[in-house]
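This report goes through one protein model, part by part. Please keep the sequence and the structure in view while reading.

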Amino acid sequence: MKRVVLILLLLPFLGQAQEDVVIQNVMLTVHPTKVAEFEAGMTAHNKKYHPEGAYQAQVYNIGSGKNAGKYVWSMGPLPWSAMDTRPAEENDHDADWNTNVAAYTIGDTDVNYWKFHPQFSNFSKDFSLKNLSIFMLDIKRFKDPQAIAIISKVQKVYAEKMPDDLYGVYTNELANMDGQDLAWVGFFDKMSWMGQEDKFPQFYEEVHGAGTFAQFIADVDEAFDGEYEEIWTFRKDLSGSVGEVAAINGQ
């Protein structure tokens, strides 16, 4: 597994990063004989209703794991208050979605809302979306403080030893039984990045002290029930957003 438990999650464009913002992710399963119709409808819908701005939409293909072949439609980032005025019935938004997008899916849909944590993330330079490493963790009941403490230690290692790596940390705003509680999303251009040597255990001890990695593993086992990883690819052609991510200062 690339980057151990340490390329932990889902997704950001962060002009609003100093606010408390969320990202809505909708996973869609397309009927295998309707891919062309779905992609045409998704493209037109996003260009009309979800261009740049609070309601911008990004589309991703999932390339690994149990969800391989599915699409993720992602809206935001935006504050919860913006959900009250999101595109809906006005201008036939919902009718367009139902007729030209949802009609070509098989109804196996999963919706999640992810809160962005800038203090644990690194958007230190502008970049363009291409490939994402999505690492999701299942937090044990009542272990949220321990989980956050672990992420803080991991982020310190990245800040000191891998300062050029770009990543965002998110937590699921709603309780679930699917192991999607905390996510670390790594952003990268070339798949060769996946083949780089994993030096995290070495780096961890260089930052936190000799012999500390064994305790780190024990702490991870105590706080989490498991992890799950996927690779996503940004589909600029299907998105409303062009996928340009702005740097966040003052992290």
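## Terms and model

A residue is called buried when its relative accessible area is under 20%. Strands are DSSP runs of at least two residues, numbered from the N terminus. The model described here is predicted.

## Strand E6

Strand E6 covers residues 131-139. How many of the residues of E6 are buried? The count is 8 of its 9 residues, so by the cut-off of under 20% relative accessible area the strand is mostly covered.

E6 has two pairing partners described here. With E8 the pairing is antiparallel and runs over 7 bridges. Along this pairing, Asn 131 stands opposite Phe 188, and Leu 132 stands opposite Phe 187. With strand E9, residues 224-234, E6 also pairs in the antiparallel sense, over 9 bridges. There, Phe 135 has Glu 229 as its bridge partner in E9.

## Strand E8

Strand E8 runs over residues 182-188. Of its 7 residues, 7 are buried, and the strand is described as mostly covered. In a regular strand, side chains alternate between the two faces of the sheet. In E8, Leu 182, Trp 184, Gly 186 and Phe 188 point one way. Ala 183, Val 185 and Phe 187 point the other way, and the residues of both groups are buried.

E8 also pairs with E7, in the antiparallel sense and over 6 bridges. In this pairing Val 169 stands opposite Trp 184 of E8.

Is Val 185 buried or exposed? Its relative accessible area is 0%, and because buried means under 20%, Val 185 counts as buried. The C-alpha atoms of Val 185 and Lys 156 are separated by 16 Å, and the two residues are 29 residues apart along the chain.

## Aromatic pairs

How many aromatic pairs does a search of the whole structure find? The search gives 21. One of them joins Phe 116 and Tyr 170: the ring centres are 5.4 Å apart and the planes are at 45°, so this pair is tilted. Phe 116 belongs to strand E4 (residues 110-116) and Tyr 170 to strand E7, so the pair ties together parts that are 54 residues apart in sequence. Both residues, Phe 116 and Tyr 170, are buried.

Tyr 158 and Phe 200 form another tilted pair, with 6.3 Å from centre to centre and 40° between the planes. This pair links distant parts of the chain, with Tyr 158 in helix H3 and Phe 200 in helix H4 (residues 200-208), 42 residues apart. Tyr 158 and Phe 200 are both buried. These two residues are also part of a cluster linked by ring pairs, together with Tyr 167, Trp 184, Tyr 204, Phe 213 and Phe 216.

## A charge over a ring

Which ring does the charged end of Lys 66 sit over? The ring is that of Tyr 228, and the charged end of Lys 66 is 5.3 Å from the ring centre.

## The largest pocket

The largest pocket has a volume of about 430 Å³. Its lining is made up of 18 residues. Which residues lie nearest its centre? They are Ile 139, Asp 144, Ala 175, Asn 176 and Asp 181.

Strand E6, helix H3 (144-161) and strand E7 (166-172) each supply at least two residues of this lining. Sorted by class, the lining has 7 nonpolar, 4 polar and 7 charged residues.

## The second largest pocket

The second largest pocket has a volume of about 320 Å³. It is lined by 21 residues, and those nearest its centre are Asp 164, Leu 166, Phe 187, Phe 188 and Asp 189. Two or more residues of the lining come from each of strand E5 (127-128), E7 and E8. Which element gives the most to this lining? E8 does, with 4 residues.

By class, the lining of the second largest pocket has 10 nonpolar, 4 polar and 7 charged residues. Phe 187 and Phe 188, among the residues nearest the centre of this pocket, are the ones that stand opposite Leu 132 and Asn 131 in the pairing of E6 with E8.

Notes: Residues numbered from 1 in each chain as written. Predicted model: local features only at pLDDT ≥ 70, side-chain atom pairs only at ≥ 80, totals over all residues. Heavy atoms only, no water. 1 Å grid on protein atoms, 1.4 Å probe; cavity = no way out; pocket = protein on both sides within 12 Å on 5 of 7 lines; lining within 4 Å. Points joined across faces, edges and corners; volume = space filled by probe spheres on them. Nonpolar A, V, L, I, M, F, W, Y, C, P; charged D, E, K, R; others polar. Phe/Tyr/Trp six-rings, centres within 6.5 Å; stacked < 30°, edge-to-face > 60°. Buried < 20%, exposed > 50% of the residue type's maximum accessible area, 1.4 Å probe, protein only. Lys NZ or Arg CZ within 6 Å of the ring centre and 35° of its normal. Pairing = 2+ DSSP bridges.
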